[in-house]
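Keep the 3D view open as you read.

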Amino acid sequence: MTIAERADAAPNGWLVLIYRIPSEPTRLRATAWRRLKGLGAIYLQNSAAALPASAAAERALRKLRHEIGEMGGTAVLLSCTALAGESEVLTAFQTARDDEYEEIIDKCQDFLGQLDKEYKAEHFTYAELEENEEDLVKLQGWLAKVTDRDVFGAPKRAATLEALGTCERALEEYAARVYAEEGEGQ
């Protein structure tokens, strides 16, 4: 998707949260940063974060604004459109999503490496299968969260879906082997 196509897809502009939090204790700033990161916000500069406008994003940012006030800080939430620099904001947003997708792809490689270890060690038990299923569910949940905030369709989405599909197929193969091995002992 080109920058122009992504600009056309922009959902009602942007929400920008500008905030100030006391420097001590540092956990307060870290809390705000983690919440914004969890929402998929990008930083335009220090203490100024942006999200594509949506009802869900507005609710989340209003809640965070309230929490910042309870921390002894101040915050203002703005709804706006970019008059200039839209492509830079979109690029930053896409880069943030691609970074998240890349992390998932890396974890998919780790998952496949773990399955390879199970094969090499000949660990074909229901307990190992259950542990690997839990890991796959975590990856699927993480992908769902990133996909939800990827409103413009970042370039690495397809590769991430492919990597997760590979993990799902590999787990099915491992499960078949576990069933065969466990069935032999009965």
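Helix H2, strand E2 and helix H4 (86-121) each supply at least two residues of the lining of the second largest pocket. Helices (H or I, at least four residues) and strands (E, at least two) are DSSP runs, numbered from the N terminus. H4 gives the largest share of this lining, six residues. Among the lining residues are Trp 33, Lys 37, Tyr 43, Arg 97 and Glu 103. By class, the lining divides into five nonpolar, two polar and five charged residues. Here Ala, Val, Leu, Ile, Met, Phe, Trp, Tyr, Cys and Pro count as nonpolar, Asp, Glu, Lys and Arg as charged, and the others, Gly among them, as polar. The space in this pocket is about 170 Å³.

A pocket is an open set of points on a 1 Å grid over the protein atoms alone, where a 1.4 Å probe fits, with protein on both sides within 12 Å along at least five of seven lines; lining residues have an atom within 4 Å of a point. Grid points are joined across faces, edges and corners, and the volume is the space filled by probe spheres set on the points.

The model is predicted: local features need pLDDT of at least 70 and side-chain atom pairs count only at pLDDT 80 or more, while totals for chains, interfaces and linings use all residues. Residues are numbered from 1 along each chain as its sequence is written, and side-chain values use heavy atoms, with hydrogens and water left out.

Now the largest pocket. About 240 Å³ of space lies in it. Its lining has 15 residues, and Leu 39, Ser 54, Ala 57, Asp 148 and Arg 149 lie nearest the centre. H2, E3, H3 and helix H5 (126-149) each supply at least two of the lining residues. The lining has 10 nonpolar, two polar and three charged residues.

Next, the sheet. Its four strands form an open sheet in the order E2-E3-E1-E4, with antiparallel pairing. Two strands pair if DSSP finds at least two bridges between them. Strands E2 (42-45) and E4 (74-80) are the edges, each pairing on one side only. From one strand to the next, the twist averages 30 degrees.

Follow strand E1 (residues 14-20). Five bridges join E1 to E3 (residues 48-52), and seven join E1 to E4. Leu 17 has a bridge partner in each neighbour: Ala 49 in E3 and Leu 77 in E4. Val 16 has Ala 50 as its partner in E3.

H2 (residues 26-39) lies across E1, E2 and E3, at about 170 degrees to E1. H3 (residues 55-70) packs on the sheet and touches E1, E3 and E4, and its direction makes about 10 degrees with that of E1. Axes are lines fitted to C-alpha atoms, for helices over the stretch in contact, and angles run from 0 to 180 degrees between N-to-C directions.

Finally, go to Leu 139 in H5. Is Leu 139 buried or exposed? Leu 139 counts as buried, because its relative accessibility is 6%. Beyond neighbours within four places in sequence, Leu 139 is in contact (heavy atoms within 4.5 Å) with Ile 104, Lys 107, Cys 108, Phe 111 and Leu 164. Leu 139 and Ile 104 are 35 residues apart in sequence, yet 7.0 Å apart in space, C-alpha to C-alpha.

Note on methods: Buried < 20%, exposed > 50% of the residue type's maximum accessible area, 1.4 Å probe, protein only.
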